[in-house]
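Welcome, and thanks for taking a look at this one. Please open the sequence and the 3D view side by side before reading on.

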Amino acid sequence: MSTAPRPAGHCRYDVIVVGAGLAGTLVAKELGDEGWRVLVLEAGTDTLSTWPGHLDALDTYYTATAKVPNSPYRPNPDAPSPDLLDLEGLPDGGYRTHGYLLQNGPLPYGTDYLRSNGGTTLHWLGLTPRMLPEDFAVRSTFGYGKDWPISYADLEAHYRAAERELGVAGDTAEQAEALGLPFPAGYVYPMREIPRSHLDHVVAAAVDGVRVKDSAGAPDTTLRVVTTPHARNSTPNPHYDEGRGYRPVGAVGLPDYGERCVGNASCVPICPVQAKYTPLKTQARWDHRVTLVTHAVVSRVLTHDDGRALGVEYLAYDDPAAAAHTVRTAEADIVVLAAHAVENAKLLLLSGLAGRSGQVGRNLMDHPVLLTWGLLPGPTGPFRGPASTSGLEGFRTGPARRNRAPFRVEISNWGWNWPTGAPSSDVARLLGITGDSGQPRGKPLFGRELRTALGDGIGRQFSLQFALEQGAESRNRVTLDPSRRDRLGIPQPLLTYDLSDHVKRGMVAAKAVSDRIFGLLGAEDRTAYGPGPFSPGYFRFEGGDWVFHGAGHGAGTHVMGDSRDTSVVDPWQRCWDHPNLYAVGCGSMPSVGTSNPSLTLAALALRSSEQIHRDLTALHRPVRVRPAHAPVTAVPGPTGPLGSSPPDTSPPTPAGGSGAGAVPSPATPRTS
Amino acid sequence: MATVHPSVAHDGHPDDTDLPEQLALVEEPPFRVPRDRADLHVFLQAALTLEHLTIPPYLTAMYTLRPGTNRPAFYEIRAVVLEEMLHMALVANVLNAVGGSPLVAHSRFVTGYPVRLPYSKERFPVALRHFGEKALETFLRIERPEYVAEPPGHPSVADDEGWTSIGQFYRTIGTGLVRLTEELGEEELFRGDPRRQLGPEHFYNSGGELFPVTGLASALEALRVITEQGEGVDRTVFDSDDRLFGEAREPAHYFRFDELRRERAYGPYDTPASGPTGPAVEVDWEAVDRIDPAAKAAHFPEGSAVRHAADCFNEAYAGLLCLLERAFTGEPERLGQTVPMMAELRRLAEGLYRNPHPDPAKRSRGLHASATYEPLFTRVGP
């Protein structure tokens with residue numbers, strides 16, 4: 001028996017993945033399928049992967065007063081998550097925050113995430129547009145943000161792989177025609193597009209083909225309603241995969257359940273029938289070599305002094321209601337951080353790693369969202385179907401990007417749900433309940449009168465969501481505040497966040513577009529921006545009042561680049577300073593375009609998995625043995641033990657090979 | 001109120017004193033193997049009627065569970081009822097494949113309840129009952145595996161015996177399909193319009209899969225899905241979803257209902273003889289809205305809110321049948337539209353079950369109003 005001291009709970013794997021969200025789940029799937037032993041450490045709990053857990057989350061959501069994205073998922077003080085309810089606007093502008101994320105920036109970072117098995121993708125909406133080819137080069141093309149070290153073409157095959165894994169429903173021909181997205185010939189999405197809502201048809205009838213200017217002197221943009229790709233079960237496309245078709249993936253935890261979308265209209269925060277993709281669906285197909293350990297909060301990455309990662313230290317707790325925990329370690333050949341943009345940055349900062357470029361934690365991005373809302377002349381049946389089934393894509397790129405941020409316009413199917421908290425806020429208002437419990441109640445409506453008034457008002461609600469691109473800026477960043485610690489004693493993230501004038505000019509243009517669309521629809525604009533408790537994102541710009549919201553799309557904190565001096569990770573999402581430490585996820589993205597980022601995150605994770613597999617393969621390959629007395633001149637034909645070995649076509653390993661000059665050229669394999 | 005426990009013995013008839021003497025009757029095809037194409041159409045139309053017959057009783061049991069309670073029962077019944085819908089669509093595929101035309105949107109298609117269980121020697125009533133002991137006894141009778149009944153004409157079966165089980169009826173259709181394929185040739189027998197076939201692009205969301213029927217093999221596979229999802233395969237507890245569709249195998253319908261009745265799940269090593277030895281299944285027999293199993297819309301006073309709700313339900317039900325017929329007769333893409341219609345039916349039905357019966361005597365016995373599944377075609381066609 002070995003007498004080497006071993007820390008409690010010691011274990012050794014080929015790969016450790018930190019975080020069981022979308023990125024970590026996909027990396028674990030790919031590497032488990034390749035035969036590697038993978039340990040996945042998840043800080044949160046694993047309630048949702050069983051059917052009773054799913055039902056418990058549904059019950060929690062149904063009874064929640066404020067139905068924010070994290071409302072179905074129970075708070076976990078040992079692995080706290082930021083919540084939208086943590087932010088509060090002040091009466092005269094400014095904001096206050098009282099949650100896990102500390103903030104000291106001019107404007108609030110109004111974005112949450114979820115630390116639980118499955119991650120934030122449990123409560124995503126499920127929209128999966130690809131980024132546009134020019135989104136990968138915004139600095140060189142439009143003069144803002146950062147360029148990617150890879151292009152759309154480098155990622156295209158992985159976009160397709162991600163669309164298979166997530167089960168994307170969409171219309172490839174329409175995406176190609178309306179957005180100019182390049183797809184390989186004959187490619188179709190696994191499932192047909194999620195059908196347009198009635199509202200989409202109403203908007204299309206009014207705006208399609210109309211040319212608008214978003215500001216004086218700007219070029220015309222032609223309005224066109226385009227259906228959005230979704231990771232949501234729809235009608236399988238028999239032409240997918242060269243006619244092999246696609247089998248939609250059902251619910252997790254209950255066999256033979258799980259449907260195509262039937263319009264329950266609660267995708268955010270939870271789909272009752274699990275028509276929407278979540279990573280738990282992929283986890284159900286993990287190879288047995290993948291081990292998931294939940295209740296495991298990674299506190300630092302352990303490194304050797306040559307920079308190589310040895311493993312991680314994690315705090316294992318049992319009861320989320322207790323601070324009690326034990327410190328454990330796990331070792332592996334490769335460590336993959338997949339814990340969310342903010343959490344990955346936190347871990348790198350806690351571990352003092354990847355610091356050479358000074359970019360860890362910087363370039364924090366989101367898609368700042370401007371909402372506009374109004375009443376249509378007649379009812380259009382809101383609150384049926386996914387939150388958005390179509391959008392206007394014409395403002396996502398073009399020369400105007402030099403001057404102002406581009407934006408994607410989502411047509412909201414859920415009335416004033418986001419701007420005002422409808423429909424529950426409408427019920428409260430008609431019942432005479434004001435926000436101030438100290439005031440007497442107004443005259444309430446009841447029964448048929450209440451139902452009629454609700455039906456009339458809610459049926460006409462209409463809103464647009466403008467998701468703007470935010471360029472990478474060094475000043476928007478994540479740091480740690482050692483004086484503020486979570487219950488397990490880990491310093492909490494401190495965020496510094498602001499919007500550039502480039503983004504704010506984009507909002508001005510967005511509002512101008514909104515005004516035109518409202519005019520074309522004959523809608524009565526009810527948009528109002530002002531300070532108040534529900535408007536932490538209030539600011540003034542060019543003499544006007546504005547309010548923005550976060551989109552939940554945290555990105556940029558371990559930015560990818562082509563130089564170790566200016567970026568944290570290389571084009572494979574591998575830390576420049578640590579050859580066996582990967583940081584995957586939206587944190588690697590140098591720019592986010594105007595696309596909801598999960599699909600791009602998934603494509604990047606699948607691409608990195610291939611490289612991790614190559615790295616692991618190289619680490620396990622023995623050095624080639626040379627004959628002791630090799631002849632000085634080459635001898636044709638097989639000689640000795642070398643003759644029967646296959647030619648080595650692998651790229652040089654990060655650890656370096658032996659005597660490169662003596663290796664035969666892999667370009668001339670013998671085929672005899 | 002006394003706690004109701006289901007009796008474990010289930011050979012006897014349920015106590016049906018709450019039902020009228022006169023039961024509706026389903027028209028059964030003659031007791032013989034179908035002789036020609038027209039005969040086959042009659043048999044398959046009868047099968048379509050039979051598959052539909054089971055759905056309203058199952059839906060009634062499911063929707064009378066109080067919302068948020070009895071979840072195991074809800075999901076067990078839901079899984080079964082979705083598979084019955086699958087069976088109905090598969091029968092329509094077979095009927096279309098052999099050149100027939102499914103009839104659904106007709107008052108003759110719905111016999112009315114309570115109805116005598118067809119293809120059975122015994123007089124057994126099938127009524128619209130709230131979830132409980134009697135409902136489960138009915139369901140077990142409907143899905144009971146029949147290991148012995150051979151088709152008519154088999155040496156072991158007397159000519160005048162008559163139908164003894166649903167399984168026997170389906171085996172007879174299978175025999176007829178094989179014989180007619182031999183007589184007419186496969187291409188000639190299966191000459192129906194392939195554009196009428198429903199496939200995976202039109203429906204899926206539970207055990208099994210909807211697939212087009214294009215010849216003898218797929219027709220026999222459709223019949224196999226129907227019998228094995230109901231009764232189990234090879235005298236085991238389980239269905240054949242794993243073999244046919246690469247899905248998780250599940251207890252067949254009979255055994256799923258048996259799990260609820262015995263409040264215990266079947267484990268992986270259990271057999272029909274062993275009974276369930278798996279984990280306990282939680283059933284709250286009290287968390288149910290009790291209804292009158294003989295209720296008709298006409299029992300609810302004209303002009304009352306309950307009557308209006310019952311009529312609305314019956315109109316929506318007729319609308320659903322019309323839509324199904326269109327989906328089965330040349331417009332398969334309409335099948336998806338039945339999903340929101342089912343959501344509307346559920347809303348209307350639950351509205352009835354959540355309200356007391358308008359009759360004071362019945363109300364005093366704790367009975368609630370109910371959906372009566374009497375399609376009102378007057379306002380919606382056909």
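Here is a short tour of the interface and the nonpolar cores.

This is a predicted model, in which local features need pLDDT of at least 70 and side-chain atom pairs count only at pLDDT 80 or more, while totals for chains, interfaces and linings use all residues. Residues are numbered from 1 along each chain as its sequence is written, chains are lettered from A in the order in which they are written, and side-chain values use heavy atoms, with hydrogens and water left out.

**Where the chains meet**
- Chain A brings 17 residues into contact with 20 residues of chain B (contact means heavy atoms within 4.5 Å).
- About 1500 Å² is buried between chain A and chain B, with carbon and sulfur atoms giving 46% (accessible area, 1.4 Å probe, lost on being put together and summed over both parts).
- On the chain A side, A:Arg247, A:Asp256 and A:Arg260 lose the most area to chain B, together 41% of what that side buries.

**Charged pairing**
- Two salt bridges cross the interface of chain A and chain B (a side-chain nitrogen of Lys or Arg within 4 Å of a carboxyl oxygen of Asp or Glu).
- A:Arg247 pairs with B:Glu209 in a salt bridge at 2.6 Å, N to O.

**Nonpolar cores**
- The largest nonpolar core has 109 residues, of which B:Phe131, B:Ile173 and B:Leu177 touch the most other members (buried Ala, Val, Leu, Ile, Met, Phe, Trp, Tyr and Cys residues joined through side-chain atoms within 4.5 Å; buried means under 20% relative accessible area, 1.4 Å probe, protein chains only).
- Not counting residues up to four places away in sequence, B:Leu177 touches several residues, including B:Leu40, B:Val98 and B:Phe190.
- A second, separate core of 87 residues includes A:Val336 and A:Leu601.

Key:
Buried area = accessible area lost by both parts, 1.4 Å probe. Buried < 20%, exposed > 50% of the residue type's maximum accessible area, 1.4 Å probe, protein only.
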